[in-house]
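Here are my notes on the model, point by point. Please read them with the structure open.

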Amino acid sequence: MAAQYQPTGTTAAGISASIEAGVRGGDLLPGAPLPAVRALAADLGVSPATVASAYRTLRQRGVVETAGRGGTRIRPRPPVATTRSALRPAVPAGVLDLSAGDPDRRLLPPLPTVAPADPLGYADGGVLPELADLARARLAADGVDATTLTLTNGALDGIDRLLAAHLRPGDRVGVEDPGWANLLDLVAALGLEPVPVPVDGDGPTVAGLRRALAAGIRALVVTTRAHNPTGAAVTTARAAALRDVLAGHPDLLLVEDDHAGELASVALAPLAGATRTWAFLRSVSKPYGPDLRLAVLAGDEATVARVAGRMRIGAGWVSTLLQRTVARLWRDPATGRRIVAARNSYDRRRAALVTALAARGVPATGHTGINVWVPVPDETRAVTTLRDSGYAVAPGSLFRLASPPGVRITVTPLDDADVPGLAAAVAAAVDSPTPPAFSA
């Protein structure tokens, strides 16, 4: 813990508020250790039970995490806005940023200017019929029944609403391991308990799913294609095997995230409908731009109704201006061609990096999407060595629960000429015998 910051308070609420203030002000950085319960209790003159209660509250809110003998630490990305940029350190000048996970801005289609024919009132908001028809047709082409659907402000917003509508703090959720960092953060912020489901190149493993179900999960979140961070895609055979297992658990909430959508170069093998309670999400952020906060959420009637009803008394609806923009993009043949070109570009760069790494004896995965996952013996050493070589990559600790170490490399900033140098740097980082010193 930062030497200059000391938690204060005489009650559990006061202590937890003090620690949150330290996070908010940037004095307690991500990963910072907190004092042991008895040590802080002695410093503050309170009972250990009071400090334990404060830590438990912070853990339920996703601000801290407990790692056995590793003690209690601030989570890598706690759900607290900070007054200075502490959650994602700045990438030094001259270093190629391959850590962000964003689509290539050079390949995003231009957004049309759209205005409604008439101003809308509160009673007129909702899903536009024209967008709903387009969405149903697109999902039906991939084998997903979208008879009942609604819209949310992006995929993570949809998952948030689904989990909140069905679960309560303390419930267990099956999540891919390694898996989407934002989802792990959301699960922690909702006070839910993540249960890791191992992932291989074909998606969640059947054995891993069985173990998670035996552990009592009430929901399962699966990335269908372009899995973040490994690039895995659920195959037809794996989908059939997972469906067989899920058939014995009809009350499980199954959430399927197809965030890549049109950018995925492999056919969709959906799990939608494998349980009575299910939802299928497809956002537009990766193909069309992160600022388009819209995702189609299809599912069984009760599940969709819960999400739409709760949204109605909160945010209300996804902006019809945004809906009209997406509808125009979906109908525009030129935009469709740009998306195909972007998909081919991502596939080429990702495959080139995986091939170049393999030629240097470094195994890596990246079947679909914009990321490549590289197993490493020591994440800190690999991240530091690569940064000193001019490349910023994401540490696997952001994505892992129980899976082995690795680093995630986003290929979107790469040009073809960058691949050989990056592959050589990764190979050197994997083989680096000692942790190098940080550059100034």
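1. α2 passes α3 in a right-handed crossing. (A crossing is right-handed if the near helix is turned clockwise from the far one by less than a right angle, and left-handed if anticlockwise.) Helix α2 covers residues 37–44 and helix α3 residues 48–60. Helices here are DSSP runs of H or I with at least four residues, strands are E runs of at least two, and both are numbered from the N terminus.

2. Before going on, the basis: this is a predicted model, where local features need pLDDT of at least 70, side-chain atom pairs count only at pLDDT 80 or more, and totals for chains, interfaces and linings use all residues. Residues are numbered from 1 along each chain as its sequence is written, and side-chain values use heavy atoms, with hydrogens and water left out.

3. Two packed helices are described by the angle between their axes and the distance between the axes. For α2 and α3, the axes come within 8 Å and cross at roughly 115°. Axes are lines fitted to C-alpha atoms, for helices over the stretch in contact, and angles run from 0 to 180 degrees between N-to-C directions. V37, R38, L40 and A41 of α2 meet P48, V51, A52 and Y55 of α3. By class, this contact has 7 nonpolar, no polar and 1 charged residues. (Nonpolar is Ala, Val, Leu, Ile, Met, Phe, Trp, Tyr, Cys and Pro; charged is Asp, Glu, Lys and Arg; the others, Gly among them, are polar.)

4. (The cut-offs: under 35 degrees roughly parallel, over 145 roughly antiparallel, 65 to 115 roughly perpendicular, the rest oblique.) R161, L162, A165 and H166 come from α5, while T303, R306, V307 and M311 come from α10. These residues divide into 4 nonpolar, 2 polar and 2 charged.

5. How many salt bridges does a search of the whole structure find? The search gives 25. (A salt bridge is a side-chain nitrogen of Lys or Arg within 4 Å of a carboxyl oxygen of Asp or Glu.) D104 and R349 form one, at 3.1 Å, N to O. That pair links distant parts of the chain, 245 residues apart: D104 is in the loop between β3 (96–97) and α4 (129–140), R349 in helix α12 (residues 333–359). Both D104 and R349 are buried. (Buried means under 20% relative accessible area, exposed over 50%, partly exposed in between, with a 1.4 Å probe and protein chains only.)

6. D157 and R161 meet in a salt bridge at 3.0 Å, N to O. Both lie in α5 (residues 155–166), 4 residues apart, about one turn of the helix. D157 is buried at 18% relative accessible area. R161 also counts as buried, at 18%.

7. R381 and D378 form a salt bridge at 4.0 Å, N to O. D378 counts as partly exposed, at 28% relative accessibility. Salt bridges that share partners join E65, R75, R77 and D185 into one network.

8. P103 is in the loop between β3 and α4. At 7% relative accessibility, P103 counts as buried. Beyond four places in sequence, P103 touches L108, S285, K286, P290, Y346, I370 and T412. (Contact means heavy atoms within 4.5 Å.)

9. T223 lies in strand β8 (residues 219–223). T223 counts as buried, at 8% relative accessibility. Leaving aside neighbours within four places in sequence, T223 is in contact with E176, V234, D257 and H259.
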